[in-house]
Amino acid sequence: MRDNMLPYGRQSIDEADIQAVVEVLQSDWLTTGPTVEAFEEAFATQTGCAHAVALSNGTAALHAAMFALGIGPGDEVIVPAMTFVATANCVAYQGGKPVFADVLPASLLIDPDSVAQHITPRTRAIIAVDYAGQPCDYDRLRRLSDQHGLALAADACHAVGGSYKGRSVGSLADLSTFSFHPVKHMTTGEGGAVTTDQPELARRMRLFRNHGITSDHRQRAAQGSWFYEMVELGYNYRISDIQCALGLSQLARLDRWVTRRQAIAARYDTGLASLPGVEPLALSPDVSHAYHLYVVRVAGDRDALFSALRQRNIGVNVHYIPTTLQPYYRAAGSCPVAEQAYQQILSLPMFPAMSDEDVDDVLTALRDTTG
Ligand SMILES: *Cc1c(COP(=O)(O)O)cnc(C)c1O
């Protein structure tokens, strides 16, 4: 048995990351300076988008996306049930109503037929979630949103570095949101971003993250002016230069990390092929899966397996309790596919610094505790 706990996810920090942060600490700008801008440009390039707006966290990114789309009271936004609660909360923050669509049983990605069933005259947008790191069927979702005049947003917090039909995650929807929490692919400590090709949406999000004020401190310093105007009700959702220095340094290793995640997934796939009762989620031939999570469905008692693996120092987890089962949203209806899947899913450890031996430890522990 392992003598230390293998976590389900973990950041990778190297000397170059530390040096990059130290350099900013010794510079003139600790926040909203040149490094935020440099990080935004690099992240836009990475995702194949014209604009990236960096914010304080992934939830703020989702909130800014809903603001930019003009979501407000009376508006409905369709979100999947199988996601982190922030995907629905961002709609509620704006006074809108999140409407829950169910997911496809094989992939747990948003089910376009369920989306279609939930469209009403009040629907304004869809937020697709690239659950576990697998991009959704964006061609179908785009057709649906075009037919009904809806905006299409992507909660791509799991999927940076992935692609769909050769197009990068980040460029697949009108707006795509990302998180740089340490458990995600790359980190800024706390942080997030939204990518878009539409300059007006980017402009509105830049306002929103700075109180709704038309200029930031650095722009006023450059102009030698004290004057500013608040034209919208925004928030302080800024990210700092210190954080963006870490983000820029991490971004340089993102592609390598995604490749390593895919290799770990392939090793799990091979190992699990001979293990009845533990099955990976379905993988579409149209995508390059970014594997934020490696999720399996188990045939037996999931809770018992969870405890047995934790006892063996395998840090499995469960993603997610469907949002429709949260007390706050219980009155919003149910999504039976997501709710049934929830009883069976387990996230196996997945992060780029894992060794092949770590993966084999997980497979051995699974063999010992199932069957
Ligand atoms: C992590 C995550 C978020 C929120 O990101 P934070 O940076 O923690 O605010 C939102 N949606 C999904 C799907 C996530 O995984």
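Contact, in my notes, means heavy atoms within 4.5 Å. I am looking at a predicted model, where local features need pLDDT of at least 70, side-chain atom pairs count only at pLDDT 80 or more, and totals for chains, interfaces and linings use all residues. Residues are numbered from 1 along each chain as its sequence is written, and side-chain values use heavy atoms, with hydrogens and water left out.

**Entry: Tyr 320**

I looked up Tyr 320 and what it touches. Setting aside residues up to four places away in sequence, Tyr 320 touches Met 82, Thr 83, Phe 84, Tyr 131, His 158, Tyr 342 and Ile 345. I found Tyr 320 in the loop between H11 and helix H12 (336–342). Is Tyr 320 buried or exposed? Tyr 320 has a relative accessible area of 12%, so I noted it as buried. My scale, for a 1.4 Å probe and protein chains only, is buried under 20% relative accessible area, exposed over 50%, and partly exposed in between.

The side chain of Tyr 320 also makes a polar contact with the side chain of His 158, at 2.8 Å. A polar contact is a pair of N or O atoms within 3.5 Å; within protein, one must be able to donate a hydrogen and the other to accept it, and residues adjacent in sequence count only if both atoms are side-chain atoms.

**Entry: Ser 107**

Next I turned to Ser 107, in the loop between strand S3 (97–101) and helix H5 (112–118). Ser 107 is buried, at 11% relative accessible area. Apart from neighbours within four places in sequence, Ser 107 is in contact with Tyr 131, Gln 134, Leu 281 and Ala 282.

**Entry: the ligand**

How many residues surround the ligand? I read 15, and the closest are Gly 58, Thr 59, Asp 155, Ser 179 and Lys 184; a residue is near if one of its heavy atoms lies within 4 Å. A ligand oxygen is 2.8 Å from a polar backbone atom of Gly 58. A ligand nitrogen is 2.8 Å from a side-chain N or O atom of Asp 155, and a ligand oxygen is 3.0 Å from a side-chain N or O atom of Lys 184. On its own the ligand has 380 Å² of accessible area, and the protein covers 91% of it. Such areas come from the Shrake-Rupley method with a 1.4 Å probe; for residues, only the protein chains shown count as cover. Helix H3 (58–68) and helix H4 (86–93) are the elements that give two or more residues to the shell. H3 gives the most, with three residues.

**Entry: a sheet**

I then followed an open sheet of three strands, in the order S10-S12-S13, with antiparallel pairing. Strands pair if DSSP finds at least two bridges between them. S10 (278–280) and S13 (345–348) stand at the edges with a single partner strand each, so one side of each has no neighbour in the sheet. S10 and S12 (residues 294–298) pair over three bridges, and Val 278 has Val 298 in S12 as its bridge partner.

**Entry: Met 230**

Last, I visited Met 230, in the loop between helix H8 (217–223) and helix H9 (241–251). Met 230 counts as exposed, at 52% relative accessibility.

Methods. Helix = DSSP H or I, 4+ residues; strand = E, 2+ residues; numbered from the N terminus.
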